[in-house]
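Please look over the sequence and the structure shown below. The report that follows takes up a few residues and their surroundings.

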Amino acid sequence: MQNHRAHPSVTIPQRSRSPAFHPPEVYAPYPFEVGSQSSDNLLSAWDATPTARRPPTTLEVPDRPLSRARSTFATPTISPPQPEIHRSVSQRLTIHSNRHRSSKSETLLTGRSLEDDYVARSYTPATPSPAPSFDSSPSRSTDEPDSRVNKLTRELSNMTLQSEEGLKRFQNGSLDEKDEAWHSLVPLEAREALGKREVERQSVLFEVFKSERDYVYDLHVIREVFVEPLKSASPPIISPVERLQTFLSTVFWNLEQITAHHERLMEALFVRQREQHPLVQSVCDIILESFFQFKLDYESYIEHYPLAEQRHRTELNHNKAYQDFVQRCSRDPRTKKRDLVTFLSRPVTRLPRVNLILEHLQKRTESDHPDAQDLPVVLGVLNDFLKSTQPGIAAAESKVKFWNLCDSLAFNKGEIIELALYNDTRSLVYAGTLARRSKSEMDWNPWYDLHVALLDNFLLITKEEKLPGDTIRRLVVSRPIPLAYLRLGSFDDPPENRKERPEEGNFLRVSYRAMYPFTVYHAFEKATRRYTLYASTEAARTKWYDVLVHTKAVEDARREGNRFFVSQVVDDGTFRVPGPRSGRSRKHPSGRVVHAASFIASGGKKFLVFGCASGIFIGRRGETFRKILSYENAKNIIVLQDFNKILIHHDGYLLSYSLEVLARVVQYQSPAVALDASLETIAGQDGAVICCHAGKVKDRTIVVYAVKAFLHTNVFTLEVCRPNDLGARSPWTLQLPTLSFRPYGESFYLPQDPYSIMTLTKTIAVATERGIAVADPQNTGKTVISIIPDFSGAPSNSTMGDLKVHCEAARPLGLVPCDSSELMVIYDTMGCYVTKHGRPSRDSSFVRWEIKADSFLHRAPHVLLFCSEFIEVRDVQSGRLDQVIEGADIRLLYTPNVRSALPLVAWRGAKDDEDGLSEQIVELIDTAVITPVTPASGTMVPPDVWDEWDM
């Protein structure tokens with residue numbers, strides 16, 4: 001693809017060297033100057049140029065300095081130097097070339113027939129022609145055919161001299177726009193000397209030069225009109241400086257690198273144009289070489305462009321100073337009334353534009369021209385590149401649409417909905433307009449349109465509202481549905497007719513349009529969050545079904561591979577509940593497992609305790625579990641490992657047994673009656689125990705229990721101790737029927753029945769209907785019990801008032817620490833944040849669960865919410881939904897006090913036989929992030945490591 005043509009030659013001046021001057025009398029007059037030539041016949045233009053590979057020809061010309069063509073890629077300069085153009089050296093040199101094949105377009109004006117003037121008509125394209133050799137030779141007789149051809153060569157070269165000044169002005173941009181065309185820079189005689197097809201081809205080639213010059217000019221305009229003034233603006237248009245730098249790097253990306261590439265390309269093209277004007281042979285070699293240099297930079301810019309445009313438009317909508325700046329720039333004469341988006345899109349459209357020009361050039365190129373082989377190669381490379389960038393552009397455009405959606409969303413006031421919208425992995429999968437029917441029978445037209453967007457993690461149902469300035473706000477009409485809870489209903493119901501509004505002026509004519517319904521619903525709230533949506537066509541409904549199924553499958557696979565907790569089966573089959581096939585077995589089913597605990601006996605043996613409907617079963621993991629105690633449906637089982645105690649809350653009593661005795665009975669080392677000797681009754685004699693809890697307060701292990709009394713509830717606290725720690729017993733302790741517990745502080749009463757009890761660092765918290773009561777049993781001087789959340793400021797704060805309404809409609813379950821200054825109050829349907837003083841924080845906002853929880857478990861940094869069908873794992877700090885575990889008849893059995901112990905959960909097992917339905921007991925194991933291991937520096941991979949893979 002090399003081009004050896006050197007006609008006419010060009011010398012770029014160095015510094016201020018003046019152009020050489022040659023008096024006109026040096027040159028002999030040409031035939032057309034005295035009117036001796038005709039323009040009726042055509043001769044091959046390629047035969048009259050140095051690139052014509054034909055038998056040696058000697059041209060006699062006057063002596064003059066030689067000028068050499070510069071290399072294709074010289075050192076780039078931003079402002080190309082003014083060219084010094086001379087007559088072609090081909091007029092005085094002998095060209096030695098062995099092979100030549102003339103094209104049909106290589107014809108010049110002559111008075112002789114084509115047969116007389118053609119000496120050779122064939123190329124030998126198997127190998128490239130050697131570089132021409134130059135030497136001085138005496139003139140030959142003008143009667144020879146070569147002499148006549150060379151005369152025509154001198155004719156064309158002399159015509160070229162007349163357009164040298166125009167070419168110079170074209171390249172430096174000072175030529176009138178109406179004259180910037182190939183035919184305007186070439187004399188009429190030269191145009192008539194070439195065939196129509198060659199004239200068209202040269203015009204297309206000239207467009208390559210012109211479009212490249214204009215493109216580089218526009219790249220300079222971006223820098224000079226937009227970037228530099230934005231950097232130097234005082235006062236700053238975008239502040240602070242860090243934000244300005246981020247804006248510039250996002251919007252203008254790598255335009256500096258692209259500009260440098262095209263400055264070099266333009267210089268190379270101009271050198272070729274000065275060398276070969278008016279008959280340029282080819283530019284394929286220059287374009288192809290340049291393409292491989294800027295390919296990666298273009299790929300990066302094209303794929304990033306949608307993000308750059310979005311960042312510009314966002315700043316334009318939110319920054320009045322930037323808006324004024326852009327308007328001032330558009331009035332700059334250099335922009336020609338074009339906006340910044342037009343300039344930013346120039347690199348995106350440049351390569352397709354070049355591709356179109358080269359396709360047009362290919363249509364104007366003869367089959368025997370060298371470009372007939374080169375152009376398909378260049379076009380193939382360009383087309384492959386443009387196709388390869390389409391996925392990147394589509395991804396960026398999807399990201400822009402996603403950002404526009406995020407900016408337009410409007411949620412219900414006060415509710416925290418953590419969609420993780422600005423996570424790098426978040427994306428908009430599909431969006432479109434769907435219709436829905438109103439449930440009201442009073443509406444004349446019950447149909448209304450919704451904008452439904454499917455993200456990779458949520459389904460959003462919104463209603464669009466147009467605001468001034470062509471801004472769209474999308475009101476979230478229903479809480480977003482996580483894909484983990486999304487279920488698909490019917491997608492094949494028959495279409496329904498939608499009554500269209502009559503056209504203006506024609507109220508009597510009513511039209512109908514078929515709408516195709518499909519149903520989606522929430523897995524937990526199947527009845528209240530069930531949506532029947534309508535697509536306008538059957539194809540649109542099918543499209544929604546396909547994207548929903550595919551996106552759910554991708555999300556399920558992602559969640560499966562990124563679980564924060566995994567379940568490990570402890571037992572499946574020991575514990576049974578009556579099932580449809582039970583009744584024939586002699587085994588009596590244990591009933592539902594309601595509570596569990598674990599302890600370690602002497603010798604390091606670990607035992608598991610399960611409270612079932614028929615009693616309490618104890619055993620080691622993997623072995624047979626024995627029914628040791630007959631307490632049915634125990635409400636709570638608490639193990640105090642450090643004090644060798646197990647507490648059982650059953651039938652209004654709180655009882656205590658020795659762990660060591662219990663372990664010996666389980667292992668048949670002691671009779672069952674030995675347990676009676678270790679039995680201690682802690683509470684229940686003076687009133688039924690409602691609930692109990694054990695934990696540490698001020699580094700002391702205490703037991704808290706609530707006893708029902710008339711019209712109120714009394715809360716007692718006991719400190720767990722060893723018998724030798726009791727010392728002298730006070731009169732009050734002498735009345736206690738237990739030797740392992742002593743009073744801790746004083747009791748207090750609550751007007752409502754408690755739901756649950758939990759211990760804090762220095763106080764205890766009791767969940768009641770009015771909220772969570774916090775008290776310090778040891779602080780006898782404090783008579784006021786704090787209620788969390790503290791809504792004392794609700795009358796003067798509407799947002800806090802709204803939160804109070806939501807909290808009063810929910811059931812409190814407990815407290816979870818977020819950090820040293822904030823806690824999260826857990827309700828059955830929601831959670832809210834409070835300060836360490838109990839006042840609502842985060843502007844009284846709240847997080848709504850997707851389920852109605854009956855219990856919870858705190859495993860920092862997560863809180864696990866339990867209902868009968870799902871376990872919801874949420875981040876405590878943000879409320880973000882991180883994982884959903886699905887099951888049947890789920891129960892939280894055991895909440896460990898230490899991180900090293902694993903929580904136990906029960907749900908419906910896999911066995912269903914004559915013994916009944918199995919209860920599957922599982923441990924929830926925390927997972928950890930897998931970090932890639934980087935090989936140590938200097939480590940060598942064995943050379944045969946990939947041998948088995950044949951690599």
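## His 650 and its strand

In which strand is His 650 found? In this predicted model, His 650 belongs to strand β19, which covers residues 645–650. Its relative accessibility is 19%, and because buried means under 20% relative accessible area, His 650 counts as buried. Leaving aside residues up to four places away in sequence, His 650 is in contact with Tyr 631, Glu 632 and Ala 634.

## The surroundings of Leu 486

Leu 486 lies in strand β9, made up of residues 486–488, and is buried, with a relative accessible area of 0%. When residues up to four places away in sequence are not counted, the residues that Leu 486 touches are Leu 459, Ile 481, Val 520, Tyr 521, Leu 548 and Lys 552. For one of these, Tyr 521, the position along the chain is 35 residues from Leu 486, while the two C-alpha atoms are separated by 6.0 Å.

## Nonpolar cores

The largest nonpolar core contains 70 residues, and Phe 252, Tyr 322 and Leu 358 are those with the most contacts inside it. Helix α4, spanning residues 196–232, supplies the largest share of this core, with 15 residues.

Tyr 322, not counting residues up to four places away in sequence, touches Leu 230, Ile 237, Ile 238, Phe 247, His 312, Glu 315, Leu 316 and Leu 340.

Note on methods. Residues are numbered from 1 along each chain as its sequence is written. This is a predicted model: local features need pLDDT of at least 70, side-chain atom pairs count only at pLDDT 80 or more; totals for chains, interfaces and linings use all residues. Side-chain values use heavy atoms; hydrogens and water are left out. Helices (H or I, at least four residues) and strands (E, at least two) are DSSP runs, numbered from the N terminus. Buried means under 20% relative accessible area, exposed over 50%, partly exposed in between (1.4 Å probe, protein chains only). Contact means heavy atoms within 4.5 Å. A nonpolar core is a set of buried Ala, Val, Leu, Ile, Met, Phe, Trp, Tyr and Cys residues joined through side-chain atoms within 4.5 Å.
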